[in-house]
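Keep the sequence beside the structure as you read.

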Amino acid sequence: DAIAQCESGGNWSINTGNYEGGLQFLNSTWRSVKASDDPPHAYQASRERQIAAANRLLARSGIGQWPTCGRLG
């Protein structure tokens, strides 16, 4: 939640055009880490589903995926 607060003001359904969801996924990144039954865009997914996908991304690539806000989480 701290990372989402920093990234998107805690808005889990935000879509800025380039970044989506509370954790501000690029759509290509979202597609690579989402579960098969997740929606096609991060901003359409629940907070819990976004966190689950972020945990998969974190395990794969580390906290550097959120270079500024990651240190808060």
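The largest nonpolar core has 14 residues, and Leu-23, Phe-25, Trp-30 and Trp-66 touch the most other members. Such a core is a set of buried Ala, Val, Leu, Ile, Met, Phe, Trp, Tyr and Cys residues joined through side-chain atoms within 4.5 Å. Buried means under 20% relative accessible area, exposed over 50%, with partly exposed in between (1.4 Å probe, protein chains only). Helix H1 (2-8), H2 and H3 each give two or more residues to this core. H3 supplies the largest share, three residues. Helices (H or I, at least four residues) and strands (E, at least two) are DSSP runs, numbered from the N terminus.

The model is predicted: local features need pLDDT of at least 70, side-chain atom pairs count only at pLDDT 80 or more, and totals for chains, interfaces and linings use all residues. Residues are numbered from 1 along each chain as its sequence is written, and side-chain values use heavy atoms, leaving out hydrogens and water.

Take Leu-23. Beyond its neighbours within four places in sequence, Leu-23 is in contact (heavy atoms within 4.5 Å) with residues including Ile-3, Trp-12, Gln-50, Ala-54 and Trp-66.

Now follow H3, residues 47-61. Gln-50, Ala-53, Ala-54 and Leu-57 are buried there. Seen down the axis of H3, these buried residues fall within an arc of 105°, so they line one face of the helix. The arc is taken from the directions from the helix axis to the C-beta atoms. Their cover includes strand S2 (25-26) and helix H2 (27-33). The face turned away carries the exposed residues Glu-48 and Ala-59. After H3 comes Gly-62, with a positive phi near 90°.

Conventions
Expected span 1.5 Å × (residues − 1).
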